[in-house]
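Student: Could we go through a few local details of this model together? I'd like to take them one question at a time.

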Amino acid sequence: MADLKLLIETVARALADQPDAVSVKESERRGGTVFELQVASTDLGRVIGRQGRTAAALRTLLSSAAEDDDRRVSLDIRDPSGRS
């Protein structure tokens, strides 16, 4: 699972104007793994994208990479205040 965390972090850092503000936390919930991506408030729109397309692409990438582990994964994107 550490590879999935690194994957999300690497892609998010490439998208962000402030890559040092990007962090990913991993937690277990209801039999699945939840990754919480936190970015600077100025990068939130860039990571979510128009109509959520970039966020959807990140989630698709994460799900595809996790298929080998046969685990459920999800991605939450949060701003620095912790809101989704």
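Student: How far is the backbone nitrogen of Asp17 from a polar atom of the side chain of Asp43?

Tutor: This is a predicted model, where local features need pLDDT of at least 70, side-chain atom pairs count only at pLDDT 80 or more, and totals for chains, interfaces and linings use all residues. Residues are numbered from 1 along each chain as its sequence is written, and side-chain values use heavy atoms, with hydrogens and water left out. The distance between that nitrogen and the Asp43 side-chain atom is 2.9 Å.

Student: Which residues does Asp43 touch, not counting residues up to four places away in sequence?

Tutor: Asp43 sits in the loop between strand E2 (32–38) and helix H2 (44–48); strands are DSSP E runs of at least two residues and helices are H or I runs of at least four, numbered from the N terminus. Touching means heavy atoms within 4.5 Å. With residues up to four places away set aside, the list is Ala16, Asp17 and Gln18.

Student: Asp43 has no salt bridge, so how far away is the nearest side chain of opposite charge?

Tutor: A salt bridge takes a side-chain nitrogen of Lys or Arg within 4 Å of a carboxyl oxygen of Asp or Glu. Asp43 is buried (under 20% relative accessible area, with exposed over 50% and partly exposed in between, using a 1.4 Å probe and protein chains only). For charge, Lys and Arg count as positive and Asp and Glu as negative, leaving out His and the chain ends. The nearest opposite charge is Arg46, at 4.3 Å.

Student: Why does Arg30 count as exposed?

Tutor: Arg30 lies in the loop between strand E1 (23–29) and E2, and its phi is positive, near 50 degrees, though it isn't a glycine. Arg30 counts as exposed because its relative accessibility is 81%.

Terms used: A polar contact is a pair of N or O atoms within 3.5 Å; within protein, one must be able to donate a hydrogen and the other to accept it, and residues adjacent in sequence count only if both atoms are side-chain atoms.
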